[in-house]
Amino acid sequence: MIMFNKLPYFIILDGKKYKINVDFRNMISFERKLQDRSIEDSEKIEYGLRYFYPAFFCEENYYYLLTQPKLYKEACNKLIWFYKCGREDYHKVKGNGKGGNKQIYSYKYDDEYIWSAFHEVHKIDLSVDKLHWWKFKAILKSLPDSTEFMKIQGYRAYDGKDENMKSLKDYWGLPKPVTEQQRLDKLYEVLK
């Protein structure tokens, strides 16, 4: 029922109202930081807080936030609450757990397919239109299977024995993270 209510544009922290950056681009950027293993956790949190709360973007205000442990913790919790679209289980994997947490899309590599799906189905131009993060995620989750983006996700998620589907899965597979690719490269060198 969250989506039937007025969407949040402000957060209350320690009794004070703070404007938040609700744009989907901001949250995509934050999510990409969260997934980047080369970035320290403290840097990810700082990035999230500074860009989610415009009031803490300037150095002086951010320093104030750091000196207030209760306020800092509350600000972090509200950032994560917003990122999860107000739901505790929003990003949890369902199913039997076998390959269920496999990444089947990437904002970095699938941007043109995501853009075209939004434009094709809803006439939303993600390059210029403003869109609340929660609306973006709701639309992303409900795109029709006929869009190229959803077909590609289907190929990546495929776990059967059909050789044609397996080759499509390989073709459309996302690049491995750099550290994983380096590990595989070393393994291949040893095997040569």
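**Legends to the close-up views**

**View A. Asp-14 is located in the loop that connects strand E1 (10-13) with strand E2 (16-19).** Strands (E, at least two residues) and helices (H or I, at least four) are DSSP runs, numbered from the N terminus. The model is predicted: local features require pLDDT of at least 70 and side-chain atom pairs pLDDT 80 or more, whereas totals for chains, interfaces and linings use all residues. Residues are numbered from 1 along each chain as its sequence is written, and side-chain values use heavy atoms, with hydrogens and water left out. The phi angle of Asp-14 is near 50°, a positive value in a residue other than glycine. Most residues other than glycine have a negative phi. Asp-14 counts as exposed because its relative accessibility is 53% (exposed, over 50% relative accessible area; buried, under 20%; partly exposed, in between; 1.4 Å probe, protein chains only).

**View B. Lys-123 occupies the loop between helix H5 (111-122) and helix H6 (133-141).** Lys-123 is not a glycine, yet has a positive phi of about 60°. With a relative accessible area of 61%, Lys-123 is exposed.

**View C. Thr-147 is found in the loop between H6 and helix H7 (148-157).** Is Thr-147 buried or exposed? Its relative accessible area is 1%, so Thr-147 is buried. When neighbours within four places in sequence are set aside, Thr-147 is in contact with Ala-117, Glu-120 and Val-121 (contact, heavy atoms within 4.5 Å).

**View D. Helix H1 (residues 24-35) packs with helix H2 (residues 41-52) at an angle of about 175°.** The axes of H1 and H2 are 9 Å apart (axes, lines fitted to C-alpha atoms, for helices over the stretch in contact; angles, from 0 to 180 degrees between N-to-C directions). H1 is therefore roughly antiparallel to H2 (roughly parallel, under 35 degrees; roughly antiparallel, over 145; roughly perpendicular, 65 to 115; oblique, the rest). From H1, the contact involves Asn-26, Met-27, Ser-29, Phe-30, Lys-33 and Leu-34, and from H2, Lys-44, Tyr-47, Gly-48, Tyr-51 and Phe-52. By class, six residues of this contact are nonpolar, three polar and two charged (nonpolar, Ala, Val, Leu, Ile, Met, Phe, Trp, Tyr, Cys and Pro; charged, Asp, Glu, Lys and Arg; polar, the others, Gly among them).

**View E. The axes of helix H3 (residues 59-66) and helix H4 (residues 69-83) cross at roughly 105°.** These axes come within 6 Å. H3 is therefore roughly perpendicular to H4. Tyr-62, Tyr-64, Leu-65 and Leu-66 of H3 make the contact together with Leu-71, Tyr-72 and Ala-75 of H4. The contact of H3 with H4 has seven nonpolar residues, with no polar and no charged ones.

**View F. Cys-58 is partly exposed, whereas Cys-76 is buried.** Cys-58 has a relative accessibility of 36%; the value for Cys-76 is 16%. Zero disulfides are found in a search of the whole structure (disulfide, a pair of cysteine sulfur atoms within 2.5 Å).

**Overview. The protein contains nine helices and two strands.** From the N terminus on, its elements follow the order β-β-α-α-α-α-α-α-α-α-α. The protein has 192 residues, of which 32% count as buried. Of the contacts between residues at least 6 apart in sequence, 61% join residues at least 24 apart. The protein exposes about 13,000 Å², and carbon and sulfur atoms supply 54% of that area (Shrake-Rupley method, 1.4 Å probe; for residues, only the protein chains shown count as cover).
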